Amino acid sequence: MISPALTSLCVHKLIRKHTVLLSAGDQVSVIPIVKEGLIKVFTRVEEKELLLYYIHPGESCIMSFAACMSHGKSQVYASTELDSECWLLPAQNLPDWLATDPNGYARFLELYNKRYLELLDTIHGLLFKRLDERILHHIREKKQHLGTNPVMMSHRQIADEVGTSREVVTRILQKLQSDGWVVLQDHGIFVNEAVT
């Protein structure tokens, strides 16, 4: 739970979905704390993206926190996946928050550990999982995070987020459909949870 000591230092803001909050190389001036909605944090090389993690309600971005603490620049990109309600903690208020909220730093360490484990899982998937397994896992995760089925994602979006080409995604999705894992629809990808 976000403490009153923290929210008193923040700016409250409603942010529309698909809004870019941060790009690599930007000076981090605020730390977002999600009240409602979902933020996607990812890295990008040329036109390829790699999803790093999602920020859910009650959570914040450890990469922004670390950059603020070191007065550094962002190494990642962040954008809203849904319309989101956030508290934005200005970087200059970070020392005050840590001084007035004794649980603040413990919460940061808890989130850091969670993100570290998620990044290890991502690396494990890149190294050891077949691409079809990664794509199916990605769609299932998106379904869980967005709470929708079918999942509204284009083949290009999937390709960008898992770091491959759109043509490869299309072929793999057709194979996943023929195997009964998904149903490709005009308005999204339906995940067949009856198949295990």
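Student: What classes of residue make up the lining of the largest pocket?
Tutor: Seven nonpolar, six polar and seven charged residues line the largest pocket. Nonpolar means Ala, Val, Leu, Ile, Met, Phe, Trp, Tyr, Cys and Pro, charged means Asp, Glu, Lys and Arg, and the others, Gly among them, are polar. This is a predicted model, where local features need pLDDT of at least 70, side-chain atom pairs count only at pLDDT 80 or more, and totals for chains, interfaces and linings use all residues. Residues are numbered from 1 along each chain as its sequence is written, and side-chain values use heavy atoms, leaving out hydrogens and water.
Student: Which residues lie nearest the centre of the largest pocket?
Tutor: L51, D121, T122, H137 and E141, out of 20 lining residues. A pocket is an open set of points on a 1 Å grid over the protein atoms alone where a 1.4 Å probe fits, with protein on both sides within 12 Å along at least five of seven lines; lining residues have an atom within 4 Å of a point.
Student: Which element gives the largest share of that lining?
Tutor: Helix 4, with six residues. Helices (H or I, at least four residues) and strands (E, at least two) are DSSP runs numbered from the N terminus.
Student: Switching to the second largest pocket, which residues lie nearest its centre?
Tutor: I2, L6, W97, G104 and R107 lie nearest the centre, and the lining has 20 residues. Strand 3 (30–36), helix 2 (62–70) and helix 4 each give two or more residues to that lining.
Student: And its lining by class?
Tutor: Twelve nonpolar, five polar and three charged residues.
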